[in-house]
Amino acid sequence: MSLSAVDLAYGYPERQIGRAITLALRAGEVLALLGPNGRGKTTLLKTLLGLLPPQAGGLTLDEKPLAGLTVSERARALGYVPQAHAGTFAFSVFTVVLMGRTAHGALFAAPSRHDREVAMVMLERLGILELAERPYTQISGGERQLVLIARALAQEPRYVILDEPTASLDFGNQGKVMAQIGRLAAEGLGVLFTTHDPNQALRHADRVMMIREGRMLASGIAKDLLTPARLMELYGVGIETVRDGEGRVAFLPGE
Amino acid sequence: MSPSSARGNLFAVGLLALGVVLAFALGRFPVGPGDLLRILWAGVSGQPSGLPPQLETVIWNIRGPRVIAAMLCGAALAVAGTAFQGLFRNPLVSPDILGASSGAALGAVVGIYFSLGIVGIQLGAFIGGLIAVGAVCVVGSTIRRGDPVLALVLTGVVIGSLLGAGIGLVKYWADPYNQLPAMTFWLLGSLAGAAKPDLLPLLGPVALGSVVLIALRWRMNVMSLPEEEARALGLNTGPLRLTIVAAATLVTSASVAAAGIIGWVGLVVPHLARFLVGPDFGKLVPTSAILGGGYLLIIDTLARTIGPVETPLGILTAVIGTPFFIWLLASARGGWS
């Protein structure tokens with residue numbers, strides 16, 4: 001069971017952004033897409049979600065071609081957590097999470113009692129039940145990110161794809177969000193997230209794919225792959241390595 | 001339903017009821033609520049009402065159709081405005097953003113210019129609105145760059161101003177003594193001409209469009225999100241957007257055909273409704289419909305009664321709408337609650 005890309009090329013009609021991407025996101029596993037900031041990673045995520053047609057290569061969801069699924073079939077399999085934004089209307093947090101149930105109801109259907117229950121369960125699962133009636137526009141960036149994760153979980157997907165889940169968060173909120181990501185994989189979901197921070201990948205991901213300018217530099221088990229030499233190649237700067245007494249490793253950017 | 005939204009709906013229904021009572025009680029032939037009920041009951045039961053037949057004529061043939069037309073147009077414009085504000089993710093949008101009103105107005109003034117008679121003018125308005133929005137959709141969808149919603153809005157603005165030029169040209173050609181006043185009256189909006197035979201052709205498209213929009217209200221929450229998020233949540237955004245645009249255009253064109261251009265209702269009422277029941281479209285759309293019906297009915301009653309001659313609706317909606325909107329802009333903090 002996996003979301004798999006083989007020799008994938010992606011981009012927009014007028015411009016190719018990346019190619020020769022091969023990856024597999026398996027159930028119960030965290031995969032980090034690591035690379036410098038730029039447009040490449042978000043575009044790859046949109047392609048993996050079926051929002052952008054691939055330009056070449058194969059893309060399958062649990063051995064079936066992704067392009068053969070309907071929009072709502074895809075939404076029931078793949079949960080998407082975009083980068084948090086404020087939004088136009090001051091929907092309550094509960095309403096935002098309830099939107100995750102869209103693919104489970106008919107076009108004209110009102111949300112069912114079951115849909116409401118699922119939304120409440122997901123709020124509770126992320127520890128933000130007390131935010132339920134607050135306007136989504138008036139909560140903090142970290143809270144919004146948790147709300148969007150709850151919304152993706154309300155889709156009851158098998159895989160969750162997160163775009164820079166900690167990009168705009170302060171230190172404490174980064175910790176909270178990353179802890180949730182680990183928990184999701186422990187519960188059997190396949191989790192893919194993008195990040196520019198190698199320490200996050202090292203600490204929270206099972207596997208890592210390094211990507212730069214639309215090309216796959218390397219991919220493999222996080223602990224094996226994340227070495228100073230590789231990171232130097234990826235970011236083009238010197239890397240300092242910090243070790244603690246228990247053998248844990250962290251990287252610091254140098255010059 | 002939470003207690004606060006129940007209170008909001010109660011207010012909307014109360015306003016509508018007040019509007020109905022006032023609409024019959026004010027005017028050259030005042031009809032009190034008691035007499036109104038008696039005549040309505042007589043109509044249902046077939047028994048004589050015991051009231052002057054003159055009064056019955058006022059209710060069944062003059063005031064009644066006008067009241068129904070006002071409620072229908074008001075409700076439809078409000079629902080269309082609510083849908084468009086969600087679809088275009090912008091609370092300053094009104095149902096004519098895609099050129100429905102300008103197209104309908106051009107159709108109407110062309111009808112007046114060729115002296116087509118009332119049916120021809122109404123048909124011209126209705127078809128003009130549909131063609132204008134159809135053109136905007138076709139042109140907008142050929143723009144492949146960037147956000148499709150933005151492409152649609154910008155195309156609407158551009159084609160709307162072209163239609164405005166067209167209206168100006170027809171007015172310039174028109175006979176200044178005969179046709180020009182008729183055109184001006186049409187462009188300012190009025191329900192004075194709403195009579196029984198008008199109701200049926202209006203009812204069809206307005207009811208159809210409104211039912212579609214009300215049925216889709218739970219999906220409008222998701223449609224107000226960025227395009228790719230809405231699709232990731234499982235909505236086929238392209239066809240759904242087209243359906244909402246078509247339904248809103250149907251009701252806008254039909255109401256322009258019946259009553260000329262009535263601005264502001266589709267812009268102001270959704271905000272009032274949002275104050276009452278909050279931004280969730282599932283609750284907002286029905287409340288907008290009720291509130292819009294009451295709002296236009298009260299405005300139309302004012303239009304009939306404040307001066308020796310009827311005041312055009314467009315004037316009143318603008319005079320009421322402008323200060324309201326300035327207040328709204330000044331007091332809005334962050335998101336639109």
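Visitor: Why is strand β9 of chain A called mostly covered?

Guide: Five of the six residues in β9(A), residues 207-212, are buried. A residue is buried if 20 or more other C-beta atoms, placed from the backbone, lie within 10 Å of its own; 12 or fewer make a residue exposed, and values in between partly exposed. A strand is a DSSP run of E of at least two residues, a helix a run of H or I of at least four, both numbered from the N terminus. This is a predicted model, in which local features need pLDDT of at least 70, side-chain atom pairs count only at pLDDT 80 or more, and totals for chains, interfaces and linings use all residues. Residues are numbered from 1 along each chain as its sequence is written, while chains are lettered from A and ligands numbered from 1 in the order in which they are written.

Visitor: What makes β9(A) and β3(A) a pair?

Guide: Two strands pair if DSSP finds at least two bridges between them. Strand β3(A), residues 30-34, has four bridges to β9(A), in the parallel sense, so the two strands pair. A:L34 stands opposite A:M210.

Visitor: How is β9(A) joined to β10(A)?

Guide: Six bridges join β9(A) to β10(A), residues 215-221, and the strands run antiparallel. A:M209 has A:S219 as its bridge partner. Their hairpin has two residues between the strands, and A:E213 takes a positive phi near 50 degrees.

Visitor: Which elements make up chain B?

Guide: Chain B has 14 helices and zero strands. Of its 337 residues, 50% are buried.
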